Amino acid sequence: MSETLRLLKRIWAFIRRRPLDADLEAELAAHLQMAIDDNIARGLSPSEARRIALISIGGMEQARYRHREVRGFMNLDILLQDLKYTLRKLWRDPSFTVVAGLILALAIGANIAVFSVVNTLLLRPLPFHNAQELVWIAPPPTKCGLSCATYSTDAYDEFRAGTRSYQDVTGYFAFSSAGNLSLNLGGAPIPATSIDVIQNFFQLLGVHAQMGRVFTPDDARNGAAPVVLLTHAWWKRQFNADPNIVGKTFDMNGQQTTVIGVLPASFDFGAVFAPGTKVDAITPLNLYGPPRDWGNIITMIGRMKPGVTLGQAVEEAARVAPHMCWNNKHPETCGDYKGAVVPVPLKDYISGKLRRSLVVLWCAVGAILLIACVNLSNLLLARAASRAKEFAMRGALGASRGRIVRQLLTESLVLSAIGAILGFMLAAVLVQWLAHQGAIALPLLSTLHLDGAALGWTVLIAVFAATIFGLVPGLRMAGGNVYESLKDAGPGATASRKHERIRSVLVVTEVALACMLLVGAGLLLRSFMNVLNVDLGFEPDRAAAIKVDYDANVPNDKDGSLSAQKLSVIFQQILSRVSALPGVEAAGVVDYLPLGQNRAWGLPFPKGVKRPKIDTGPLVYVISPGYMRAMGTSIRGRDFAWSDGPKSEQVVMINKSFAKFLAGYADWPNGDAVGHPLANGGGPDLHIVGVVDDVHEENVDGEAGWQIYYPMTQASPNGAELVVRTRMQPSAFAGSVLATLREMNPKQPAAEFKPIRMLVAHAVSGRQFFMLLVVSFATLGLLLAALGIYGVISYTVTRQTQEIGIRMALGASAGHVRRQILTATLRLALIGVVLGVGASIAGARLIAALLFGTSPWDVATYGSMAMLLLLIAALSGYIPAFRASRINPTVALRTN
Amino acid sequence: MSPEKLDLLQGTLDLMVLQTLTVMGSMHGYGIARRIEQVSADEVLLNQGTIYASLVRLEQRGWISSNWGTSDNNRKAKFYSITAAGRRQLVADARHWERLKDVMERVLTMDDSAEGADA
């Protein structure tokens, strides 16, 4: 108790230290005077009396010091003094302060921003309640796209009923495409994107509606009134954040749909499950309606019971899988999912693939921070040279070595704090910008923000940086010989050979780090170029796609042939009208565009050949005649024709990979698939009329899988994307194409006219994002290294002014002096480059997985980056070298 | 020269100050220091200046109080006096010292007859 009281008193005393010091001064003066009086009374002379009195006090300064130590917080007091002194010093040297502050701000800012990304994607739990319990249930990665990553409704029911490890299992319909919802408010229909989820989706994730309610089982029953949940963003954008929206009814896809709630802003479906896409509304999926027979359509997400380990969940899933049926009406499909039901933590599913990229990114900014620290160290050392005398003087006056190191560390911390504050602001801007890059296909990006962790990280790296860059100069300076420093006559003295060696070591380190960054960036850049040059199987330029609304519904159409006829008529009209537009080269329709969603329908196989036990089938696309030409995909054989109707022979086209695979089993002359029939699991045979190029269906940097194309006149498409190939920029046609579609169908929403090039850009946006970041870090590193080299060389030149003057007086030519300095520069740079290249070779394995078509030991990249670095080094050494060669011997010799 | 003086043990100076103030009533820093030097017959090494650290510590703990006054020879000085809490503390500390003294005495007068007393 009394100690707390004393602490308060000490704090109070610290605040009132000025009057208390005056008090102490008066007290000590009285003490001294009384002692002198006594001594005089004992018969001493006044001067002797004073001397004895001072001796018995034992040093006034020590008395003050001890008193203050006990009374208040003297360390804090010293800190304040140091701070004041530091700020004064920095204020007087603005160019140094600005340069140092900027270097640190860039390095720390980059570090905070990357930390925030890493924190959001890797470290922080997903934005759901007890997110560690959530698992993504899917087969191990396969070639057949989404269809193999999804389950049928029967399989879902069986899994949900048969497992005990889960609190519940939910899922969503995986094949919704962008713009699948058209909102009719009276004018032109407004396109939006909705996702069908199983009714327990939000309960399972622990997401509550911000207004209204989330789905209940009743919303997903047969015959239930249509309801919708609005996402926060759409509610704000489309409905002006109407506070009374709940209960209102709107025409969505031609149905009167009631809004039952608005989701919170923190829930972003796209950010978590479909990076780079925007979801506007969520609708309930009726598991017991038509989806029953649609095959694999549901992704599965489970929430494990508390205490259940992932291992147990995996084991149980493996046990239940053989009992799951693709369709309960077809017992032969039971067991199809064997080995294909594997829970992984949801977080791993979402951001696991990015782990490597993020680690590389983190290393890159770490290197930037180190380079910045080395640079600062160098700058401080240069300052140290001019301040050596100041510190020697303080040492001579009694300041302890610790006190001087303390002062220097305070200076480093202040610099670092300036850098950290500016860096934090920089990071705030960067993070804000990144969070709004909706087009980058990275998960959780929109949830990016600076939080307490980022602040903590800032403090941590600021202190770390201060220690790193403050320590070397601090020790150098405090460890110096007082006598030597005082005697040192400044420039021209040779006492600092050791000093210069340290600076050289620092520069070499810097160059080596910059070299590693450059090599990494070069490899990523080259990979990105390779990705852009990939033959996608289609021609992305001068083509665009727009989602087309159509109604091919024919009542009482038993076998669907009437509907197919109607569809055929609709699209023949649309395509002939659109093709007739001036500037349009070709037009065609597909249900799923490449680099987007996809599905599979089983495995058609050459007729009369025993099929091997293979689960995966080719990806299915339903297209119109002319689609291949519109996409720029070449066909061997013939394109579909409108005459391939529902009653005529079933025709398909397949891609080269699939053709090659089938040819391995079939006995086809020359292995040519064209003209041969495929057996299709009980249905009519499929006649291959054409073989087309492999199209990259899921990503640009992966392998193309098997693909099969059906004519939309024979198989029902799942939506329609009209692809238009034009002679000029496709964006110029957006208006006329939409107007044409509107003319034929007033319900056509104002859907986006997407250039196909944009789809490709979207698919590579994640890779581009990382590449750009690493390249900008490498550029920053290069800049800092150049600055470091320049600093050291120009410092050396300044110190050697006299020596150079003498040499020139003795007949050395300007060219000779220049050459010598450039040689010294290049020697440093070369050592750095050699070390950097060595380290890169050793560390290249780290980024090998991120490269595409590039060896991690790509000689061209290494060579060009080394040359670039040497060139920059030569440039930054040339300025001081040029200055040195202009030294006037007489002036140089006279300055001392 | 006198034989080497005793270094003051940690905390002993505070106790000496409290005792001095109990006996002498109100007193300034110089007076307290002189008094301790006299009583200890110059046996302890006391830098008079260190008394001020002790005084501020005791005052912050509420064991002594201070106010400015005038000394015998008309000098302005800060006078300290012990508080009630200070007296209680002195009693406790003095008892502690007595016990410590007894223990030290016993330890230092220990002879080897006690050795091997335990089996």
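A residue counts as buried here if 20 or more other C-beta atoms lie within 10 Å of its own. Keep that in mind for this tour of a predicted model.

**Stop 1: chain A.** Select chain A. Buried residues make up 45% of its 896 residues. Color by secondary structure next. Chain A has 28 helices and 23 strands. Chain A is more spread out than a compact globule, because its radius of gyration is 38 Å, well over the 29 Å that the globule rule gives for 896 residues. Now turn the chain A trace along its principal axes. The C-alpha trace spans about 135 × 80 × 55 Å. Then think about contacts within chain A. Take those with a separation of 6 or more: 82% of them join residues 24 or more positions apart.

**Stop 2: where A meets B.** Show both chains. Chain A gives 25 residues to the contact, and chain B gives 19 residues. You get nine nonpolar, eight polar and eight charged residues.

Stop 3: Select residues 64-70 of chain B, strand E2, and residues 76-82, strand E3. The two strands run antiparallel, joined by seven bridges. Click B:Ser65. What is its bridge partner in E3(B)? The partner is B:Ser81. Finish at the turn. Five residues lie between E2(B) and E3(B) in this hairpin. One residue in the turn, B:Asn74, has a positive phi of about 65°.

Definitions and conventions
Residues are numbered from 1 along each chain as its sequence is written. Chains are lettered from A and ligands numbered from 1 in the order in which they are written. This is a predicted model: local features need pLDDT of at least 70, side-chain atom pairs count only at pLDDT 80 or more; totals for chains, interfaces and linings use all residues. Two residues are in contact if their C-beta atoms, placed from the backbone, lie within 7 Å. Ala, Val, Leu, Ile, Met, Phe, Trp, Tyr, Cys and Pro count as nonpolar, Asp, Glu, Lys and Arg as charged, and the others, Gly among them, as polar. Helices (H or I, at least four residues) and strands (E, at least two) are DSSP runs, numbered from the N terminus. The radius of gyration is taken over C-alpha atoms; the globule rule is 2.2 Å times the number of residues to the power 0.38. A residue is buried if 20 or more other C-beta atoms lie within 10 Å of its own, exposed if 12 or fewer, and partly exposed in between; C-beta atoms are placed from the backbone. Two strands pair if DSSP finds at least two bridges between them.
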